[in-house]
Amino acid sequence: MTTRWTAVRVLRDRTAGRCLAAVVVSGFGTSALWLASGVWVKDLTGSDGLAALCMLAMWAPTLAGPLLGTLADRHRRRPLLVALSLFMAVLLLTLCAVDGPEELWLLYAVLFVYGAAGTVHDAAESALVAGAVDRSLLGDFNGLRMTANEGMKLLAPLAGAGLYTAYGGPGVAVLDAASFLAAALVYLSLRVREERPAPAREGGRSATAEGVRHLWADAGLRPLVLAGGVTMLCAGVSGALTYAVVEDLGHSPAYAGVLYAVQGAGSVTVGLLSGPALRRLGARRFAAYGISLLAVAVALRAVPYDPAAWACAAAVGVGLPAALIAVLTGVQQRTPGPLLGRVTATAGTLVHTPNVIGLAAGAVLVELLGHRAQLVALGVVLGVTAAVLFGQSPASADRTAARSASDASPA
């Protein structure tokens, strides 16, 4: 495959372009609500702890990823995505009834359902894209998806904050509902042929475990996903140390926003370059290079020097998404279509749950240990993780890839 297959090619592909448009519009509303929900609870109760529960409510359903991903394999993906988007558009409008602390249960319930629906949505979307987009474009698509998500994280919170100031939490909920409605219309416009999924030979736990077994048995995916989980664990601990780093630099806590913006710019950049890099290096080496860069950047965050902090933030923005893009692309390329929803959701659980654990652990450790020693230790762990990926034999991975490709063609 030559370098002419660039990000522009993805945008020219009708299906890929429209899927990317759906990601952008729904991601805008999600990012706006992510910020506004915590501010909303803080204004209603004055409690930092209750405000933090908003993030927990949205993240908790990812623990059930293997089970929720099964739903994406039991139904045709495009109708499922349309139904989920319309359902969330209606559900979000119920937040207009939240007017005081006594209605907070409704907000938490909606956020919990939001997280569960998001897990199913991501699994179904990944499976739809893998089946409808040329396999050579998957790396480009996933990179652009990362770019779009990071771009929304830079823009949507500002829009959400402004809308919240003007109209309160209900105004942001209506914005998010409108974004889901727009996403549903985009999914409706897709022209893809999907076969009705075959009746499940196994039910309940057995069907869910089938995806877990595939992921664990694949000699190429298993180390890639495990490396992604270790990377996100370290990233969580490192993220919890951000304000200690800012204080060591001699700035106010608000300076963290500057570092996050620089990190976001790095993520946007790697998203644009990931497609050609994945074709040249493969998912395993691409992830290993990204984790190596992340290892150096995390360790050097211990240096109390502003230019170093900016450079490290940009490097984190490049290295961390590289690992995530590699995991998703590897899963899409090495998993049979009928299992793709379950395997994607299982991989998501194994990769993203450690991030939450890392954030919690970092919040405790920052009070007990110096942040500089922790950052150096995290850099060492990440360096070892990258070395393990570099040391993996490509021959065994290639053999598994060939077997998975043949299995992907249903009888």
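The model is predicted: local features need pLDDT of at least 70, side-chain atom pairs count only at pLDDT 80 or more, and totals for chains, interfaces and linings use all residues. Residues are numbered from 1 along each chain as its sequence is written, and side-chain values use heavy atoms, with hydrogens and water left out.

**The chain as a whole**

The chain's secondary structure comes to 15 helices and 0 strands. Helices (H or I, at least four residues) and strands (E, at least two) are DSSP runs, numbered from the N terminus. Of the 411 residues, 50% are buried (under 20% relative accessible area, with a 1.4 Å probe and protein chains only). Contact here means heavy atoms within 4.5 Å. Among contacts between residues at least 6 apart in sequence, 86% join residues at least 24 apart.

**Two partners of helix H14**

Two packed helices are described by the angle between their axes and the distance between the axes. Axes are lines fitted to C-alpha atoms, for helices over the stretch in contact, and angles run from 0 to 180 degrees between N-to-C directions.

| Helix pair | Axes come within | Crossing angle |
|---|---|---|
| H9 (residues 221-240) and H14 | 10 Å | roughly 170 degrees |
| H10 (residues 242-249) and H14 (residues 371-391) | 10 Å | roughly 125 degrees |

H9 and H14 are therefore roughly antiparallel to each other, while H10 is oblique to H14. Angles under 35 degrees count as roughly parallel, over 145 as roughly antiparallel, 65 to 115 as roughly perpendicular and the rest as oblique.

The H9 side of its contact includes Leu224, Val230 and Cys234, which face a set in H14 including Leu378, Val381 and Leu389. By class, the residues of this contact divide into 11 nonpolar, 4 polar and no charged. Ala, Val, Leu, Ile, Met, Phe, Trp, Tyr, Cys and Pro count as nonpolar, Asp, Glu, Lys and Arg as charged, and the others, Gly among them, as polar.

For H10, Ala244, Val245 and Asp248 touch His371, Arg372 and Leu375 of H14. That contact has 3 nonpolar, 1 polar and 2 charged residues.

**A covered helix and a buried arginine**

Helix H4 (residues 65-74) is mostly covered, with 7 of its 10 residues buried; among them are Pro66, Leu68 and Asp73.

Arg145 sits in helix H7 (residues 138-188) and is buried, with a relative accessible area of 16%. Leaving aside neighbours within four places in sequence, Arg145 is in contact with Leu20, Val23, Asp122 and Glu125.
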